[in-house]
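Please look over the sequence and the coordinates before reading on.

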There are 2 protein chains.
Amino acid sequence: MSDDERTARAALSRLFEPQDAAALALVQAAGAQDALRIASGRLAAGVHLEQEITAILAACGAGSSWPGLGAALQRWATRLPDLAPERDLATMERLGGRLIIPSDELWPPQLADLGLQEPLCLWWRGVEQELPAVARAIALVGSRDSTSYGASVTADLAYSLAQRGFTIVSGGAYGIDAHAHRAALAGGAGGMPTIAVMAGGVDRFYPSGNEDMLRAVADHGAVLAEVPPGSAPTRYRFLQRNRLIAALASVTVVVEARWRSGALNTAHHAESLGRAVGAVPGSVHSANSAGCHRLLREGGAVCVTDAGEIAELASPSGEALAAEEAGRAEVQDGLTLEDLILLDALPLRTTSSVEKLAAVAGLSPDAVRAGLGRLGLLGLAEAQRGAWKRSPKAD
Amino acid sequence: MSDDERTARAALSRLFEPQDAAALALVQAAGAQDALRIASGRLAAGVHLEQEITAILAACGAGSSWPGLGAALQRWATRLPDLAPERDLATMERLGGRLIIPSDELWPPQLADLGLQEPLCLWWRGVEQELPAVARAIALVGSRDSTSYGASVTADLAYSLAQRGFTIVSGGAYGIDAHAHRAALAGGAGGMPTIAVMAGGVDRFYPSGNEDMLRAVADHGAVLAEVPPGSAPTRYRFLQRNRLIAALASVTVVVEARWRSGALNTAHHAESLGRAVGAVPGSVHSANSAGCHRLLREGGAVCVTDAGEIAELASPSGEALAAEEAGRAEVQDGLTLEDLILLDALPLRTTSSVEKLAAVAGLSPDAVRAGLGRLGLLGLAEAQRGAWKRSPKAD
């Protein structure tokens with residue numbers, strides 16, 4: 001792919017807000033380089049805008065008019081004076097970063113699941129390494145004003161998932177995000193322990209209180225954004241950034257969130273992509289768990305309480321759970337109704353005769369004898385001088 | 001209905017363990033009085049057991065043999081010497097209680113949902129009042145070793161549901177059960193505030209530490225069991241008792257439960273009856289919430305965090321939720337994408353011109369003017385000397 005394509009996408013990422021519908025349609029129809037030329041008002045020699053657009057529409061089989069494109073061109077025109085893609089690319093190089101585009105090897109293939117919502121490019125600061133396949137990336141997200149409960153649960157989960165080789169994706173913010181990145185860095189066993197997806201430009205580490213942490217993320221993992229250097233992290237861009245977090249990860253887990261929280265927006269993006277969503281439960285008295293409980297109530301999320309349950313969501317066939325549940329089974333589980341009744345009738349401190357057991361349990365003497373044999377084999381009943389008692393093991 | 005029917009059912013409740021399959025089939029086919037006669041070995045004059053049974057099978061359209069009945073007759077025979085239904089009925093009368101059977105007015109109609117598992121009778125101590133219809137009864141159940149969190153949540157829920165006129169059904173045990181009964185007694189506004197369903201006989205209040213509480217339940221609500229006075233609360237009977245709790249209530253809520261807990265058994269009974277099941281979330285560090293989280297994970301239970309959410313499960317059409325959610329909506333929710341971008345671009349402390357806003361937001365000046373008009377109407381933007389700022393209300 002030519003440098004022109006890279007430069008064009010760098011420019012478009014400044015000209016267009018993420019998810020500008022007209023912009024996406026134009027790039028889809030004309031490609032990035034022609035989209036930039038048209039959005040910039042630089043038409044082919046001797047051609048009018050209408051002719052050019054009509055030709056594009058014909059080429060991509062669309063209808064004969066493109067409602068909204070006129071207004072969009074006006075809208076984009078206000079930012080044309082700011083375009084300086086070579087300067088942006090040079091800035092990234094100075095920072096030790098780069099721009100990656102869909103044709104690059106490093107481009108995360110899971111972003112293709114976004115379809116038309118796939119970003120035009122990613123501004124990237126981090127190790128030169130492919131992003132993990134979607135099955136190995138897990139998003140841990142939540143409130144900025146996390147509680148000590150949220151902090152400790154996030155740290156446990158992130159550390160333990162990173163130890164298992166998962167990459168922790170989050171948003172680099174205060175609270176749950178920061179706890180997730182820090183614990184992933186501590187737990188990471190090589191590879192790409194953590195990725196911070198930013199709402200503003202990656203030329204500065206925002207918020208400033210997380211600067212050291214984000215620098216460490218860039219040194220050992222990656223910090224990335226779809227908006228160019230210098231971009232402010234606006235509320236709108238936070239919401240769009242959330243779709244990238246959801247798309248990069250196979251599972252999005254909300255650890256703590258208020259009833260209304262950006263983390264729920266990330267969870268909804270994950271759902272609409274068909275990705276699994278987990279929610280960590282907490283006290284019903286904690287406003288910071290209300291958003292998690294809302295996700296559980298409203299049906300989309302799975303209740304997750306430890307790293308094993310999250311790993312299971314990432315690879316639903318996992319054997320981990322089955323092994324755990326087998327360990328929890330108890331010997332009484334296999335008993336028939338009659339043997340359960342007999343077990344109840346057996347005294348624990350004294351012994352009882354077969355006849356007395358028959359009366360207490362409401363079973364025939366033959367049935368009692370047969371049942372005592374089975375319970376004895378299981379170590380639940382013991383014989384002493386022809387009478388029977390319950391084994392201590394039975395409780 | 002004759003006294004003979006009442007006396008027969010009183011006797012059968014001592015002869016048969018709850019849910020003895022052969023017993024249920026015999027009562028279903030022959031009726032309670034003939035079932036007692038046959039189980040007691042008292043056959044019609046000049047008739048053999050085989051002939052009698054063949055006649056019953058023919059009358060109810062069953063096949064020509066009844067496997068298991070021979071063994072069952074042997075089993076029942078061991079308890080025949082203990083039968084004294086008149087004494088049991090007299091005991092109940094002395095205690096101020098009575099026996100109710102399915103043909104009585106007081107019989108809770110919701111128990112019919114149990115089908116063949118419907119109890120033969122209920123030994124009842126309590127106020128002479130019909131049990132509430134299923135839509136007004138809610139079961140709150142959980143661990144005996146409740147935490148302070150479980151205790152406070154249970155008390156809040158039971159008090160608040162009783163205040164709303166719901167009857168709280170539970171098992172009379174230590175822990176969650178006791179907190180539920182006590183708070184329901186405190187919150188109840190007349191009617192039947194609470195019902196304790198016991199695994200053993202209602203002639204003594206078990207466990208003894210709950211004696212005063214259970215006496216208060218009997219004074220203001222009801223204490224009941226399907227087993228006769230003097231019956232021990234065996235493990236088997238606890239499991240069968242749980243089906244009655246689940247059947248009496250329209251919703252079963254597990255407030256706290258360990259990974260393996262009798263409360264989960266009650267929840268599974270409720271599920272199999274098609275009743276709603278709620279689980280209260282808690283800390284992932286609490287073993288006493290592990291059973292609740294298991295119910296949430298394994299799909300059957302709805303996450304509930306307050307009395308309103310439980311009431312909603314009891315009457316799913318409830319308007320309570322809708323009103324609450326409307327109250328939580330924010331004015332920004334209705335904004336278009338362009339207006340959200342514009343709102344982000346508006347400074348909060350200084351003001352900004354339309355042209356500058358157009359460049360920052362990436363919108364045309366006309367779009368900015370129209371958007372400012374809309375944001376102004378919503379009270380989200382303010383004009384000062386021809387320039388604009390964000391209203392404090394917007395944050």
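The sections below treat the sheet, the pairing of the chains, the nonpolar core and some details of the backbone.

## The sheet of chain A

The structure is a predicted model. In chain A, nine strands make up an open sheet of mixed pairing. Their order across the sheet is β1-β2-β6-β5-β4-β3-β7-β8-β9. Strands β1 (98-100) and β9 (302-303) of chain A lie at the edges; each has a single partner strand, so one side of each is left without a neighbour in the sheet.

Helix α8 (residues 176-187) of chain A packs on this sheet. The helix touches β3 (137-142), β4 (167-170), β5 (194-197) and β7 (251-256) of chain A. Its direction makes about 160 degrees with that of β4(A). Elsewhere in the sheet, strand β2 (residues 122-126) and strand β6 (residues 222-225) of chain A pair in the antiparallel sense, over four bridges. Within this pair, A:Trp124 has A:Leu224 of β6(A) as its bridge partner.

## How the two chains are related

## The contact between the chains

Chain B brings 35 residues to the contact, and chain A brings 34 residues. On the side of chain B that touches chain A, several elements each supply at least two residues, among them α4 (69-77), α6 (148-163), α9 (235-248) and β9 (302-303) of chain B. Helices α11 (290-297), α14 (337-345) and α15 (354-361) of chain B are also in this group. By class, this side of chain B has 17 nonpolar, nine polar and nine charged residues.

Of the interface residues of chain B, 97% are also interface residues in chain A, so the copies meet through the same surface.

## The nonpolar core

The largest nonpolar core has 202 residues. Within this core, A:Ile138, B:Ile138 and B:Val254 touch the most other members. Helix α2 (residues 21-39) of chain B gives the most to the core, with nine residues.

Leaving aside residues up to four places away in sequence, B:Ile138 touches B:Leu161, B:Phe166, B:Ile168, B:Val169, B:Ala249, B:Ser250, B:Val251, B:Val253, B:Ile310 and B:Ala314.

## Details of the backbone

A cis peptide bond runs from A:Tyr206 to A:Pro207, with omega near -5 degrees. A:Pro207 belongs to the loop between β5 and α9 (211-220) of chain A. In chain B, the peptide bond joining B:Tyr206 and B:Pro207 is cis, and omega is about -5 degrees. B:Pro207 is placed in the loop between β5 (194-197) and α8 (211-220) of chain B.

Positive phi values occur in residues other than glycine. One is A:Gln19, with phi near 70 degrees, in the loop between α1 (3-15) and α2 (21-30) of chain A. A:Gln19 has 18 other C-beta atoms within 10 Å and is therefore partly exposed. Another is B:Arg385, with phi of about 50 degrees, in the loop between β10 (381-384) and β11 (387-390) of chain B. B:Arg385 is exposed, because 5 other C-beta atoms lie within 10 Å and a residue with 12 or fewer counts as exposed.

Note on methods
Residues are numbered from 1 along each chain as its sequence is written. Chains are lettered from A and ligands numbered from 1 in the order in which they are written. This is a predicted model: local features need pLDDT of at least 70, side-chain atom pairs count only at pLDDT 80 or more; totals for chains, interfaces and linings use all residues. Two strands pair if DSSP finds at least two bridges between them. Two residues are in contact if their C-beta atoms, placed from the backbone, lie within 7 Å. Axes are lines fitted to C-alpha atoms, for helices over the stretch in contact, and angles run from 0 to 180 degrees between N-to-C directions. Ala, Val, Leu, Ile, Met, Phe, Trp, Tyr, Cys and Pro count as nonpolar, Asp, Glu, Lys and Arg as charged, and the others, Gly among them, as polar. A residue is buried if 20 or more other C-beta atoms lie within 10 Å of its own, exposed if 12 or fewer, and partly exposed in between; C-beta atoms are placed from the backbone. A nonpolar core is a set of buried Ala, Val, Leu, Ile, Met, Phe, Trp, Tyr and Cys residues joined through C-beta atoms within 7 Å.
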